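Subject: Structure handover

Hello,

Here is the structure you will be working with. Please open it alongside this email; my notes follow below.

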Amino acid sequence: MALLTSQRLLLSDISRMSAASQAERTVLEEEFKWLLKEEVHAVLKQLQDILKEASRRFSMPASGLESQVKQENFILGSSTMDQVKGVLTLQGEALTQADINIKTAKSSQVLHFAFRDDKQWKMQQIQDARNHVNQALQLLGSRDETYHFKTGAEVNKLMDAVMLQLTRARNRLTTPATRTLPELASSGLMKMFTPPMPGDVMVNFYINLSKLCLTVYQLHVLQPNTTKNFKPAGSSVLHNPGAMFELNGTKFEVSHVHKVECVVPWLNDTLVFFTISLQLCQQLKDKISVFSSYWNYRPF
């Protein structure tokens, strides 16, 4: 008799636990439906607003002129040296003017160079970053507020695609392209200036985080009797003194390197927007995964 009573009590407990489990499951399912219907779209709207601001930073219009991008002047310089000074004019993704003074190491003579009036230099990093932001906006815009997400996996797929574009956009600004010295020497940038750059000077512009950077290389020709230890330098963002390369049968060595930079405030803004957006995407994915852990046998 005692055993029968015990079995009945156990069945009663199991029944109560099953009912509680079913009630909890119902609540979770309702919460998940609300997440897919309401919260996902709220996050998508928030992401769109942030990325529209980022996109606007890349092409800020001049006051009263919606179609014309604002020109900004930046002074290049360093607190530790005055070998290189200059003023750069940035208009969206294009350097429209560069006015540079270089004090040569040999004679301390100051050389002055400026962009030719018919030339502009596209900053490919800025252009690429802007394109990735616009691609992220297109992905978000493909799911308007009337769209019904059916599974968490569908949301995660969209977030992964958006995060990929944002990561690529951020990487373009934080990771400058590496170049070899012959690539720099034969770059179209060397044909931008008046008067023309002399054969023993090379320059390079690039973006690093929120900074617009100019590197100036001064070179000297290696004599035939000193080329037995010639070892050409590889690809790099910044080459050091002593780096060697060959161009058109002549061997060169870098004798001096000068790097100057300036902060571009709106680039800093965009990097902040990227960070916030990536965090929002990840937070939404984390919420999805919490529900997924309850229904790991369903495609959430």
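How many helices and strands does the secondary structure of the chain come to? It has five helices and twelve strands, where helices (H or I, at least four residues) and strands (E, at least two) are DSSP runs numbered from the N terminus. This is a predicted model, in which local features need pLDDT of at least 70 and side-chain atom pairs count only at pLDDT 80 or more, while totals for chains, interfaces and linings use all residues. Residues are numbered from 1 along each chain as its sequence is written, and side-chain values use heavy atoms, with hydrogens and water left out.

Of the chain's 300 residues, 39% are buried (buried means under 20% relative accessible area, exposed over 50%, partly exposed in between, with a 1.4 Å probe and protein chains only).

Helix packing

Helix H2 (residues 124-141) packs against H3 at about 165 degrees, and their axes are 8 Å apart. Axes are lines fitted to C-alpha atoms, for helices over the stretch in contact, and angles run from 0 to 180 degrees between N-to-C directions. H2 is therefore roughly antiparallel to H3 (under 35 degrees is roughly parallel, over 145 roughly antiparallel, 65 to 115 roughly perpendicular and the rest oblique). The residues of this contact comprise 13 nonpolar, five polar and three charged. Here Ala, Val, Leu, Ile, Met, Phe, Trp, Tyr, Cys and Pro count as nonpolar, Asp, Glu, Lys and Arg as charged, and the others, Gly among them, as polar.

H3 (residues 152-174) also meets helix H5 (residues 265-292): their axes come within 9 Å and cross at roughly 160 degrees. H3 and H5 are therefore roughly antiparallel as well. Their contact holds 14 nonpolar, eight polar and three charged residues.

The core

The largest nonpolar core has 75 residues, and Met159, Phe193, Phe205, Leu214 and Phe274 have the most contacts inside it. Such a core is a set of buried Ala, Val, Leu, Ile, Met, Phe, Trp, Tyr and Cys residues joined through side-chain atoms within 4.5 Å. Helix H1 (residues 2-58) supplies the largest share of this core, twelve residues. Leaving aside neighbours within four places in sequence, Phe274 is in contact (heavy atoms within 4.5 Å) with residues including Ala54, Val133 and Leu166.

Arg116

Arg116 sits in the loop between strand E6 (110-115) and strand E7 (121-122). Arg116 is partly exposed, because its relative accessible area is 31%. Not counting residues up to four places away in sequence, Arg116 touches Lys191, Met192, Phe193 and Thr194.

Regards
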